[in-house]
Structures are given as structure tokens and as C-alpha cells.
Amino acid sequence: MSALPPIPPDIGRIAGPLLIGYLLNWGLEGVLAMQIYMYYLAFPDDPLQNKLLAYGVFLFESVQTILLTATAFHSFAAGFGNLVALDRIGLIWFTVPIMSGIVAFVAQVFYAYRIKVLSQTKAPSAIIIVLAFVQLGGAIATGIESKKAVFTSRFLRRTSLITTGIWNGGSALCDIIIAGCMTFYLWRRGTGMKQTQRLIKRLIRLVVETGSLTAAIAILNLILALLPGQPTYYQTTAGVLGKMYSNTMMVVFNSRLKLAYETTTLQEMSISYRPNPLATEEYPMGGSGVQESTLVPTIQRSVCQESPHLTTSAMSSLPPIPADIGRIAGPLLIGHLLNWSLFGVLSMQVYMYYLAFPNDPEHSRLLVFGVYLFEATQTFLLTQSAFHGFAEGFGNLLFLDEIGTIWFSVPIMSGIGKSLELILGVSSTAADTIYITVAFVAQSFYAYRISILAQSKLVASFIVLLAVVQLGGAIATGVESKEARFNSQFLGRKSYITTGIWNGGSALCDIIIAICMTVYLSRRNTGMKHTSLLLKKIIRLTIETGSLTAVIALTNFILALLPGHPTYYMTTAGILGKLYSNSMMAVFNSRMRIGADNNTSSHEVSSTGPRSRIETTVRNVNAYEMRGGVSITREEVTFPPPENWAKASTSSAEDAEMKANLISS
């Protein structure tokens with residue numbers, strides 16, 4: 001280790017921005033994946049060129065994420081403690097400036113075409129395309145300069161500052177012009193009709209917000225690169241710039257989604273699935289070594305010079321770094337990255353819930369937003385742990401091995417929700433304290449559904465009992481990890497027992513939930529087409545999510561039992577909590593239904609019951625030249641209170657008669 005450059009005491013300021021850039025890149029990849037999935041569901045009949053553009057950009061971004069992950073692994077895992085590995089550019093010259101520039105170019109040309117259609121003239125779009133080529137040229141030139149530099153500490157010179165200015169400056173100017181032109185031409189298309197004006201205002205707001213965001217990040221990246229002292233803060237913004245462009249482009253594609261509200265009810269006693277024309281203002285929940293290193297273009301001081309603050313003798317006092325450090329640090333790093341990706345997916349799921357179910361019961365909204373806030377806290381703690389272990393502790397095995405704030409986050413989080421707050425236990429990172437809560441809440445959520453479906457509390461009580469058992473195992477695992485202090489001292493006979501109770505109980509609970517939901521939902525099949533489709537969707541969703549969480553829990557336990565105590569279990573432990581929260585949100589959002597969306601009109605239907613509104617979507621979006629899509633509509637599965645079950649059959653017959661009258665009229 002003495003042949004390696006000494007690590008300066010402020011290594012966190014040098015390596016931290018790069019690490020944060022990797023984490024945020026993965027988070028935005030999760031958001032992009034969710035947007036692509038929504039596009040896939042909502043626009044199956046989109047023109048071929050639109051599909052090729054959307055899926056092509058996603059594939060391109062996925063390749064970039066894979067390449068950046070390989071770089072992150074070589075810098076922070078295989079190259080842990082090696083400043084040469086951290087400083088080497090490697091393939092970064094291509095993955096950051098050039099690939100980000102290409103994505104920005106595609107998005108800007110996409111907007112240029114829209115502006116051409118709106119303005120009926122080629123002049124504005126021609127200017128935008130010229131600027132898009134300018135920024136692309138600057139991005140390619142920046143990539144070439146970084147490739148020549150080999151190391152980021154030698155990268156930013158006069159020439160590279162000029163190319164970076166052309167790249168980021170040209171991109172920001174192009175985005176500002178796009179936002180201005182779109183606002184102007186969309187506003188001129190106003191017809192005075194209320195529905196059209198509402199659509200235009202929404203598009204204007206969307207364009208201004210997304211264009212301003214990408215322009216701001218591009219300018220910020222340039223400013224950070226020009227800071228005196230050459231700090232590495234720019235590496236964070238450089239790492240997310242491409243993902244910002246792809247996400248904003250998909251936001252425009254998906255802006256054609258319209259959230260309409262339809263309510264259908266599954267009465268458990270009468271076992272009927274009734275399209276409900278009596279949609280009221282309320283919608284209850286119910287139902288169911290050396291390598292590539294830094295992001296460029298950047299300015300970085302030479303970290304390969306001798307540090308006056310940390311001598312070679314001081315370095316020798318640290319534990320020596322083993323040759324297979326990548327096998328030790330790699331699984332933990334991958335767990336951090338995947339956790340951020342799943343947090344991005346969860347953010348999109350919660351946002352879709354917020355849009356689709358504004359009138360859900362208060363307890364449902366509190367559960368959803370409470371779990372999301374809890375997961376956001378977990379992500380913050382996890383990021384803090386990653387920064388401490390991989391940035392501040394770069395090259396220090398004690399920092400990497402330290403359990404850290406687990407002793408604090410477990411007891412505090414356990415007191416938040418009392419018996420409903422801890423279940424999945426603690427492993428090696430601060431994130432584990434959050435997993436406990438999310439799993440228990442998700443499983444209790446399913447237990448409640450099963451108690452309604454089965455009309456019995458026996459099975460639900462058994463599920464809750466299993467959840468409490470794994471809660472005990474989780475708390476015991478947390479106590480063991482607190483006493484161990486270091487991950488290398490954590491795995492032992494006691495921790496195997498507590499981890500087995502935690503993961504084994506969790507997996508058994510998930511399997512029983514999947515079986516019970518499948519059995520009880522299958523019994524509710526009435527033979528009606530809509531009912532069968534709905535039940536099949538819920539059954540498939542339950543089996544898929546339950547099987548996934550059970551498999552990950554078992555895999556985590558098996559990896560912890562491997563001989564030699566490898567750290568592979570850290571990856572599965574890093575994503576288990578997010579899988580539970582995402583599976584719970586998938587159940588909430590399964591009430592969304594895809595329906596045709598072209599125009600929007602509505603008419604009132606008078607009846608003896610509550611006022612009903614039937615919406616027929618007939619919305620024209622030719623003004624934006626992307627054709628009509630489909631709307632996401634709410635599909636409620638409402639479980640009525642027990643005192644109303646006896647009335648189910650009569651109500652079903654009355655609603656069926658009303659529906660027939662509506663159709664005939």
C-alpha cells in the first residue's frame with residue numbers, strides 16, 4: 001500500500017460528489033423505467049416513430065447506467081483506497097459528455113419538430129436544431145479532451161473549459177429558447193374553449209418547468225466546473241444531466257395521459273362486479289484494482305500529489321486493504337445503487353397515486369404518504385451511510401466495516417409505530433431499520449384485505465402472528481448488530497438464528513399471503529367478464545409481488561449463511577424494504593384502469609340515488625401532434641362495511657337495472 005498515493009484528509013470532498021452522482025443517476029433510471037412502463041401501457045397504438053424514440057432512448061440510458069455502474073464498481077469497490085483508480089477517466093469520456101450530449105440532442109430535436117408543427121414555419125425549429133448541433137459538438141469535443149487527459153486531475157485546462165462552456169452553455173440556451181417558443185406558440189393556439197385552454201395551460205406549464213430544469217442543471221454544471229480551487233462538486237450534476245433530458249422528454253409523451261374517474265364496486269357478499277354509474281365525490285379505498293474513475297467534464301485538483309496532511313506512516317497505521325476488496329465492498333455498493341433505483345420507482349408510483357386517487361380515505365392516504373416519507377428517510381440514511389463508508393472513508397476499512405448509526409436508527413424507528421413499526425431487521429447498513437417497518441405495514445395491509453375477503457379473522461390473525469414473530473427476529477438482529485459494531489464481527493451463531501427468524505418468517509408470511517389471496521379471490525369469481533378480468537389481475541399481482549419479496553428474503557438469508565462470510569447478502573438487504581413498499585403501492589395502483597382517451601365530454605344522469613357523472617373521453621390533442629393516447633381511470637374495488645353486506649344483492653340488482661336503462665337511453 002505504501003506505493004499508492006496517500007489519501008488526503010478531505011477525501012470526502014473529492015470522492016463524495018462522484019458517489020452522489022452515481023446514486024442519483026440510478027434514482028433517475030428508476031423514474032425513467034416507470035415512465036416507460038406507463039407509456040407502454042397507455043399508448044399501445046402510438047405511431048412507430050414515437051415508440052422507437054421512447055424505447056430507443058430508454059435502451060440508450062440503460063446502457064449508460066450499466067457503464068457508469070461498472071465505473072463506480074472499479075472506483076469505489078475494486079479500487080477502494082486507490083487514488084489512481086479514483087482519478088482515472090477510463091470510459092467516462094464517452095459515457096458522460098458524449099452520451100449525455102446525444103440524449104440532449106435527441107430531446108431538443110424532438111421539441112424542434114413540435115415547434116415546427118405548432119408555428120407552421122421552419123425558422124424557430126431551424127435555430128433550435130443549430131443550437132442542438134452546437135451543444136452536441138461541444139459534448140463530443142469535451143469527451144475527446146477528457147480521453148486525452150487520461151486522469152481527471154489533468155483534464156480541465158483552457159481548451160477543455162471552452163468545450164465544456166460550449167456544451168453546457170449551448171444546451172442551456174437551446175432549452176430556454178425551446179421553452180419560450182413552446183409557450184408563445186401554444187398560447188396562440190388558444191380557442192377560448194374551456195377544455196382546450198386547460199390543456200394548453202398544462203402543456204405550457206410542463207414545457208416551462210422541464211425546460212427550465214434542464215437549463216438550470218446545465219448552467220449549474222458549468223458554474224461548478226469553474227469554481228476556484230477546482231472542487232469536484234460538478235461531478236454530481238454531470239452524472240444526472242443525460243437522465244434529466246430523457247425524463248423530461250418522457251414527461252411530454254406521458255402528458256397525454258388523462259386521469260378520469262370511474263368507480264366499480266365488488267360486493268363481497270353478493271359476489272358481483274358492478275360498473276357503478278353513481279360516482280360520487282368520494283372514492284373509498286377498499287379492496288384489494290485500477291480503473292475508470294470520475295464523471296466529466298470536470299475540474300479536479302491533482303489528488304495524486306503528496307498530501308501535507310497525511311503521511312505515508314499515517315497511512316500504514318490503517319488496516320491493509322486485501323486484494324479481493326471488490327468482493328467485500330462491491331455488494332454493499334450495488335445495494336446502495338439498487339436502493340436508489342427502487343426509490344425512483346416508488347416516487348413515480350406515489351405520484352401516480354396522488355394524481356389518480358385524490359379522494360381516497362384519509363387512512364389510506366396516510367398509509368401511502370407515511371410509507372413514502374419513511375422510505376425517503378431510509379434513503380437519506382442509506383446515502384449518509386454510503387458517503388461515510390465510500391467517500392469519507394475511502395481507503396479506510398474501519399469506515400467501510402463500521403455499522404455506524406444502526407444502534408440509533410433501530411430503537412428510534414421502533415418507537416415510531418410501536419408494534420407496527422419494526423419487522424425486517426437490521427443487517428449491515430442504516431437502511432435496514434426502515435425495512436422493518438415497511439414489511440410489517442405491507443403484510444398487515446394484506447392481512448386486513450384477507451380478513452374482509454375470507455369474512456373471518458382466523459387467517460388474518462395467523463398472518464399478523466407471523467409478522468410479529470419476524471418482528472421479534474428483526475429487533476433481535478438489530479441488537480446483535482449493535483453489539484457487533486462492525487459487519488465483519490456480525491455474522492455468528494446468534495445472528496444466524498435471529499436473521500433466520502427475520503427472513504424466514506418474512507418469506508413464510510409472504511407465501512401464505514399469496515396463497516390466501518389467490519384462494520379467496522378465486523372463490524369470488526362470478527363468471528362475468530369484467531369480474532374475471534379484475535380478479536385475474538389482482539391474483540397475478542399478488543402472486544408476483546408476494547413471490548418476489550419471499551424469494552429476496554430467502555436469498556438474503558442463504559447468502560448470509562455462505563461459508564467464508566462473504567458480503568453478498570448486503571445487496572439483497574439493501575433492496576428488501578423498497579420491494580415491500582413498491583409491492584404495496586402496486587396493489588393501491590392496481591385500481592387504475594386503462595381506457596380509450598380521445599376527447600372529453602360528460603353528461604349528468606338523473607336517478608333516485610346520488611347524482612352520477614358518466615365521462616366519455618373524446619379529447620383531441622392534434623395541437624401537440626402526438627395523437628391521442630389512453631386515459632388512466634380509477635377502478636375501485638370497494639369492500640363495504642359488514643352491516644351493508646346483507647343489502648348487497650338488492651343493491652346489485654338495482655344498479656344492474658339502472659345500467660340497463662342508461663345504456664338503452
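Me: Buried means under 20% relative accessible area, exposed over 50%, and partly exposed in between (1.4 Å probe, protein chains only). Why is T71 called buried?
Reply: The relative accessible area of T71 is 2%, which is under 20%, so T71 is buried. This is a predicted model, in which local features need pLDDT of at least 70 and side-chain atom pairs count only at pLDDT 80 or more, while totals for chains, interfaces and linings use all residues. Residues are numbered from 1 along each chain as its sequence is written, and side-chain values use heavy atoms, with hydrogens and water left out.

Me: Where is T71, and how far is T71 from I92?
Reply: T71 belongs to helix 2, residues 48-78 (helices are DSSP runs of H or I with at least four residues, numbered from the N terminus). From T71 to I92 there are 21 residues in sequence and 7.7 Å in space, C-alpha to C-alpha.

Me: What makes helix 2 and helix 4 roughly antiparallel?
Reply: The axes of helix 2 and helix 4 (residues 92-119) come within 10 Å and cross at roughly 160°. An angle over 145 degrees counts as roughly antiparallel (under 35 is roughly parallel, 65 to 115 roughly perpendicular, the rest oblique). Helix 2 is therefore roughly antiparallel to helix 4. The axes are lines fitted to C-alpha atoms over the stretch in contact, and angles run from 0 to 180 degrees between N-to-C directions.

Me: Which residues make the contact between helix 2 and helix 4?
Reply: Contact means heavy atoms within 4.5 Å. On helix 2 the residues include L53, V57, F60, L67 and T71, and on helix 4 they include I92, V96, M99, V103 and F110. By class, this contact of helix 2 with helix 4 has 13 nonpolar, 5 polar and 2 charged residues.

Me: How do you know how helix 4 and helix 5 run relative to each other?
Reply: Their axes come within 9 Å and cross at roughly 180°, with helix 5 spanning residues 123-149. That angle is over the antiparallel cut-off, so helix 4 is roughly antiparallel to helix 5. The contact of helix 4 with helix 5 has 16 nonpolar, 8 polar and 2 charged residues.

Me: Why are helix 11 and helix 19 called roughly antiparallel?
Reply: Helix 11 (residues 362-392) and helix 19 (residues 576-589) have axes that come within 11 Å and cross at roughly 155°. The two helices are therefore roughly antiparallel to each other. Among the residues in contact are L367, V368 and V371 of helix 11 and M584, M585 and F588 of helix 19.

Me: What makes the rings of F80 and F390 an edge-to-face pair?
Reply: Rings of Phe, Tyr and Trp (its six-membered ring) pair if their centres lie within 6.5 Å; planes under 30 degrees apart are stacked, over 60 edge-to-face, and the rest tilted. By this rule the count comes to 17 aromatic pairs. The centres of F80 and F390 are 6.5 Å apart with planes at 90°, so this pair is edge-to-face. Both F80 and F390 are buried.

Me: Why is the pair of Y353 and F357 called tilted?
Reply: The centres of Y353 and F357 are 5.5 Å apart, with 40° between the planes.

Technical notes:
Ala, Val, Leu, Ile, Met, Phe, Trp, Tyr, Cys and Pro count as nonpolar, Asp, Glu, Lys and Arg as charged, and the others, Gly among them, as polar.
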